[in-house]
Amino acid sequence: MTTKILPPAALLLLAGCAVPASPPAVQAVAPASLGLTGAPAPAIADNWWTGFGDPQLDRLVAEATAGNPTLDAALARIAQAQAVLSSRRADTGPDVSLDANEQVQRLSGRYIIPPPYGGSVRFVGTTQANLSWNLDLFGRQKAAIAGARASAEAAALDLAAARLAIAGSVVQTYIDLARAEAEATIARRTIATRQQSVRLVAIRIRNRLASNLQATAAQTLLAQAQSALVRAEGARALAVNALAALAGRGPDYAAAIVPTTVQLDAALPLPAQVPADLLARRPDIAAAQARIAAAAAGRQVARRAFYPNVNLTALAGFQAIGLGNLVSLDAGTAGAGPAIHLPLFDNGRLKADLAGATAALDLATADYNDRVIGAVRDAADAIALVANLAEQRARTAEVVRGFGETNRLNAIRVASGLDSKLDLVDNDVRLLDAQLTQANLAADAARQRVALVLALGGGFSPQEPRR
């Protein structure tokens, strides 16, 4: 019986017919469907936080983006992805190895080796150089390299996203620090005023011009301001500790943080509506796109596994019985030729691998869609809140002016004996609350503008070099 070897074209046809379809079930959302029709966003500088005009803030951002453990992890993932890429590239080249084996062996006297070697104990040695080269005729290695390259790009984009997130966290925490300092300043100023009121009421009581009830009212107002100061000092301590954690430092870091000089109302280049180029500005979206490309390449690797794998192999070396014979030219051996591997039956392993790779592509696409929708919402929410906080601040400023003027007029009436301090407790309480609210809204507005910068991708540019 004669066994015929199928020609390569027949092998390709046989393999191609065996590849299941396994199409992806999830499609990437189209940017046009999200209504991104606004003008492109204005350019944002890489160091956008310097617009707040506080050198200490600039230092804190630099230290946090240099020593944060999150960035160390991102850098390690980049190195890992680049190592995988180098490994995949190495698979496309020739693989040369050297094997040497020498052992004492009793050769059978009843086998293929005749006496005097058969039936005796001899040294049997082999020294052989091997060459193997995968021709990658069907692009499996090429797809693996593309997938590894996309994964490395995604890791580099993750680093850009992590740097942006850390810088944003530092700036927003620093704004909270400035908020606490502003609240403490208001509380101290109010405490000084109310301490003076307590002293004046005490004098009036001694002169029989006021009652102990008025003294109690003055002490209550003083306690309210003192309570506000305690809260502000606690908030400052938490903000300082958060900044230390972002910089990867301990509690001793607080000693290096001096009072802020941040300009909360500093202007940042921000759009009035969601820009058309939003998705291209976000490093996390770009990373998600790169992961789709990596997953698609992985699916191609799984599909190419159904096709024949063709290698060129060669060997050259020496084989001999006896140490002296191993270095003889007559002991030389060599060989070369193609090696073809074609999967025919594997209990469904390749189909399962392809289904898993397709599911990984669907998962990467779904993650991308989720990030895209979240990015659009983040930007829309931030823009809406920036406008809303501006309106709230305008109304609160009117409230503060009103309570302040009422308080001034009331002080005149009290000094003239037309009213008692007890009658004015409610206005004093509301004035302090309104002033604290005004300070909070100023900080909230600054934080929200930072949130909008982050939603727009900060100073990230898709054309910038990536590590």
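User: What covers the buried residues of α2?

Analyst: This is a predicted model. In it, the cover over the buried residues of α2 includes α3 (69-90), α4 (140-206) and α5 (212-246).

User: Which residues in α2 are buried?

Analyst: They are Gln56, Leu57, Leu60, Val61 and Ala64. Viewed down the helix axis, the buried residues of α2 fall within an arc of 135 degrees, so they line one face of the helix.

User: Why would residues three or four places apart point the same way?

Analyst: An α-helix has 3.6 residues a turn, so residues at that spacing point the same way.

User: And on the other side of α2, which residues are exposed?

Analyst: Pro55 and Ala66 are exposed there.

User: How far apart are the end C-alpha atoms of α2, and what span should the helix have?

Analyst: Helix α2 covers residues 55-67, which is 13 residues. At 1.5 Å a residue they should span 18 Å, and the end C-alpha atoms are 19 Å apart, which agrees.

User: What caps the N-terminal end of α2?

Analyst: Aspartate 54 does. One of its side-chain oxygens lies 2.9 Å from the backbone nitrogen of glutamine 56.

User: Changing topic: in the largest nonpolar core, which residues touch the most other members?

Analyst: That core has 64 residues, and those touching the most other members are Trp48, Phe52, Leu57, Val170, Val171, Ile175 and Tyr368. At least two residues of this core come from each of α2, α3, α4, α5, α6 (278-281), α7 (283-304), α8 (349-415) and α9 (425-455).

User: Which helix gives the most to this core?

Analyst: Helix α4 gives the most, with 14 residues. There is also a second, separate core of 15 residues, which includes Ala184, Ile186, Ile191 and Ala218.

User: What is phenylalanine 52 in contact with, leaving aside neighbours within four places in sequence?

Analyst: Its contacts include Leu57, Val171, Ile175, Thr261, Val262 and Leu264, and also Ala446, Arg449 and Val450.

User: Now the whole protein: how many helices and strands does it have?

Analyst: The protein has nine helices and four strands. From the N terminus on, the order is α-α-α-β-β-α-α-α-α-β-β-α-α.

User: What is its radius of gyration?

Analyst: The protein has 38 Å, whereas a compact globule of 467 residues would have a value near 23 Å. Along its principal axes, the C-alpha trace spans about 135 × 55 × 35 Å.

User: What share of the residues is buried?

Analyst: Buried residues make up 39% of the 467 residues.

Conventions
Residues numbered from 1 in each chain as written. Predicted model: local features only at pLDDT ≥ 70, side-chain atom pairs only at ≥ 80, totals over all residues. Heavy atoms only, no water. Expected span 1.5 Å × (residues − 1). Buried < 20%, exposed > 50% of the residue type's maximum accessible area, 1.4 Å probe, protein only. Arc of directions from axis to C-beta. Contact = heavy atoms within 4.5 Å. Polar contact = N/O pair within 3.5 Å; in protein donor to acceptor, adjacent residues only side chain to side chain. Core = buried A, V, L, I, M, F, W, Y, C linked by side-chain atoms within 4.5 Å. Rg over C-alpha atoms; globule rule 2.2 N^0.38 Å.
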